[in-house]
Amino acid sequence: MTAERVLAARLQHALLPLPQQSLRLAGLTVDVAYRPLQQGLNVGGDWYSAIELPDGSALLVVGDVAGHGLDAVATMAQLRFTAKGMAITGTPLATILARLNTLLWHSADRAYSTATMIMGRYEPSSGILTWVQAGHLPPLLLRDGEARYLPSPRGVLLGATTAPRYDSSAIRLLPGDHLLFFTDGLVEAPGVLLDDGLAHLARTVAGAGDGPRPLDDILDALVDPAARRDDICVLHVSV
């Protein structure tokens with residue numbers, strides 16, 4: 001069991017970029033934080049992508065595969081690189097989710113074949129972010145000191161049904177806006193209702209201020225290392 005945990009952790013770290021970094025993409029600043037859970041056999045399938053596409057737009061993705069261990073890491077890699085490849089070739093976001101759903105539904109191992117995912121494409125010329133989701137928590141927008149969650153377009157988790165429907169939503173981002181994409185490990189804790197965790201995150205983000213490392217401040221305020229039960233993956237996008 002220890003050997004499997006070590007191998008899964010090495011694969012996970014090899015497949016993902018650096019665990020924390022700051023990127024400039026299409027006029028956006030994207031701060032990335034990835035904090036894996038280091039205890040027991042809890043190496044999971046959280047992942048992210050933040051890349052500039054050939055047309056100059058930015059692709060932002062956060063996802064979470066059900067389960068832990070080697071199978072979850074393998075499924076994470078399959079989803080991450082397949083989604084990235086389709087986005088680079090210009091496939092619409094909703095179509096990408098539909099095809100990933102088909103991929104998971106027909107996977108050989110059904111034990112690790114569901115996942116949540118959120119994916120956005122930002123066009124710098126218009127400032128419009130188009131986004132889709134598959135059973136994932138919505139992004140949090142901070143504008144003029146007020147934090148609110150964006151209304152989610154329709155989208156069931158990947159691998160749950162053979163006939164899903166994925167819609168898209170769009171929002172024009174303004175200078176000074178901040179947007180947070182995250183996995184559920186950021187807001188879930190034992191004995192805490194999900195709605196309470198989301199409300200706590202919104203209050204924390206609204207009160208974080210404009211420090212030099214806002215994402216670190218948010219994570220330090222929210223995350224209790226002793227109470228953690230899952231990996232945490234966050235993209236902090238600022239215009």
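Visitor: Is Asp177 buried or exposed?

Guide: This is a predicted model, in which local features need pLDDT of at least 70 and side-chain atom pairs pLDDT 80 or more, while totals for chains, interfaces and linings use all residues. Residues are numbered from 1 along each chain as its sequence is written, and side-chain values use heavy atoms, leaving out hydrogens and water. Buried means under 20% relative accessible area, exposed over 50%, and partly exposed in between (1.4 Å probe, protein chains only). Asp177 has 3% relative accessibility and therefore counts as buried.

Visitor: In which loop is Asp177 found?

Guide: Strands (E, at least two residues) and helices (H or I, at least four) are DSSP runs numbered from the N terminus. Asp177 lies in the loop between β9 (169-172) and β10 (178-182).

Visitor: With which residues is Asp177 in contact, leaving aside neighbours within four places in sequence?

Guide: Contact means heavy atoms within 4.5 Å. The partners of Asp177 include Leu141, Arg172 and Val237.

Visitor: Where is Ala221 found?

Guide: Ala221 belongs to helix α5 (residues 214-222). With a relative accessible area of 47%, Ala221 is partly exposed. Not counting residues up to four places away in sequence, Ala221 touches His200 and Thr204.

Visitor: Over which ring does the charged end of Arg80 sit?

Guide: A charge sits over a ring if NZ of Lys or CZ of Arg is within 6 Å of the ring centre and within 35 degrees of the ring normal. The charged end of Arg80 sits over the ring of Phe81, 5.2 Å from its centre.
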